[in-house]
Amino acid sequence: MPDPAVPPTPPVPLASLLAREDLALRQIAGPTDPATVIHWAHASEMADPYPYLLGGELLLTAGVHIPEAAGSGTYFDDYVSRIVAAGGAALGFGVAPVHDTVPRALVAACDAHGLPLIEIPPRTTFSGVARAVWQLMAQARHAELRRVTEAQQSLAAAASRPDPVPSVLRQLAQRVGGWAVLYGADGTEVVSAGRPVRTAAREALTELAEVVRPSGPGVPASAGQATADVHLAAYALGAGHGFVLGVAAPHRDPGDHTIASVAAVLLSLLTGEQQSGSGAARSSALVRLLLGASAQDVAPLLGGQRWVVVHARPDTFAAPDPVAASALGASLGSPLIDVARDVVRVLLAADREPAPQPGWTLGVSAVAGPAEWPVADAQAGRALARARATRAGLVRYGARPALADLVPEADAEQLARALLAPLAPTLTSTLRTWLSLHGSWDRTAVALDVHRNTVRQRIAKCGALLELDLDDPDVRMELWFALRRS
């Protein structure tokens with residue numbers, strides 16, 4: 001049977017048409033498969049309708065073409081076999097005015113060839129059947145458009161999460177009821193989501209991805225392959241880095257291609273590095289640093305002399321991946337990103353105002369020049385700790401002058417080293433966080449990702465090693481002064 005040249009409108013299940021009480025249709029022969037669908041209704045009184053059928057039709061006839069001696073020969077068998085060969089989905093036979101009943105030989109032929117035969121009562125016109133088909137198609141089309149719109153919205157929301165690529169793949173897999181995978185430039189699976197698929201289908205999808213991977217003229221942007229139980233599709237991502245989106249679904253609805261295409265566009269943006277003259281400038285700055293240039297010398301290549309450092313942590317427990325970090329940098333407006341264990345660090349030009357990011361907690365340093373970048377990095381880390389402790393989306397490091405700034409830097413650093421010498425780095429970090437949070441055990445525990453009893457034990461050890469009363473406000477002030485210089 002040839003594949004019907006179906007329109008882009010969703011087909012109508014034959015069962016839905018039979019359920020219309022106003023039509024009073026009745027199936028009297030052929031299989032009653034719930035999966036049987038029709039793409040249009042067509043009336044014909046030709047003895048051989050094969051040349052005029054495209055496939056997927058509900059063919060309507062009143063039997064005008066049937067000769068009187070048809071029941072004793074092979075007429076009905078030939079007639080039905082030609083409809084099946086043309087891809088017809090079902091046959092509707094109108095009772096009256098030509099025939100009082102459906103010919104028994106036609107019923108037998110439809111049963112033999114597996115063609116659903118529908119009896120159309122005298123009061124139901126062919127135009128009424130055709131109108132009902134188009135009404136059901138319009139309803140299906142409206143439902144499909146609504147499904148596509150909702151899918152687009154959910155994919156866009158997924159792309160803004162801290163883990164954008166896995167979130168987009170999960171949404172795509174859910175919307176198509178199958179499995180979605182992102183292939184890297186070397187053909188390996190980077191991230192996947194959804195229902196597991198059989199090994200054979202997985203291997204076939206990997207091969208299909210290679211069809212769209214090479215870039216250049218004549219290479220398709222997408223490719224598809226269908227089997228009896230799975231439909232495979234591969235989409236080349238437009239970033240030019242060899243990433244490919246693969247989708248495996250048990251069926252192929254008309255809107256699935258649109259939904260997958262939207263996901264491919266989002267993934268292209270998430271996986272693609274901004275390619276412009278600034279990319280060459282960043283490469284030049286890196287080379288100069290490696291060859292011994294100072295930060296002040298390379299800063300103009302990066303975009304200026306005034307910067308802020310942003311530290312960010314995702315609100316989920318998962319560590320940030322490079323793709324999520326890239327998406328965060330793009331949202332903040334900077335490609336200068338570093339993923340350091342559980343923290344993403346972003347170097348941002350001072351003229352770009354950092355804004356809270358959904359799914360992230362941010363700490364922002366004071367404005368600094370290239371020479372002060374290490375100091376700004378420490379400031380951003382402290383601001384992030386305070387933001388996590390206070391459950392704020394974004395905290396900025398206070399840049400106003402303080403009384404401590406009146407003490408010469410060299411003297412302040414010498415005092416800090418002497419005072420804090422007995423403390424190990426872990427204790428120093430705990431003491432700094434605890435003092436910044438006004439001695440709150442719970443908020444310090446949240447900021448350091450430890451148990452509150454661990455905080456109590458460390459602070460008690462600090463007091464013992466320093467031989468100081470940490471409940472004394474003067475002691476706390478002196479320690480905070482030293483910690484700011486350490």
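Two strands are taken as paired if DSSP finds at least two bridges between them. The model described here is predicted, with local features requiring pLDDT of at least 70 and side-chain atom pairs counted only at pLDDT 80 or more, while totals for chains, interfaces and linings use all residues. Residues are numbered from 1 along each chain as its sequence is written, and side-chain values use heavy atoms, without hydrogens and water.

Strand β16 spans residues 360-364 (strands, E, at least two residues, and helices, H or I, at least four, are DSSP runs numbered from the N terminus). Strand β13 (residues 307-314) runs antiparallel to β16, and five bridges join them. In this pairing Val310 stands opposite Val364 of β16. With strand β17 (residues 394-396), β16 pairs in the parallel sense over three bridges; Leu394 in β17 is the bridge partner of Leu362. Five of the five residues of β16 are buried (under 20% relative accessible area, 1.4 Å probe, protein chains only). Trp360, Leu362 and Val364 cover one side, and Thr361 and Gly363 lie on the other, all of them buried.

Helix α11 (residues 373-390) and helix α14 (residues 441-448) have axes that come within 8 Å and cross at roughly 120 degrees (axes are lines fitted to C-alpha atoms over the stretch in contact, with angles from 0 to 180 degrees between N-to-C directions). In α11, Ala385, Arg388, Ala389 and Thr390 meet Arg443, Val446 and Ala447 of α14 (heavy atoms within 4.5 Å).

Methods
Buried means under 20% relative accessible area, exposed over 50%, partly exposed in between (1.4 Å probe, protein chains only).
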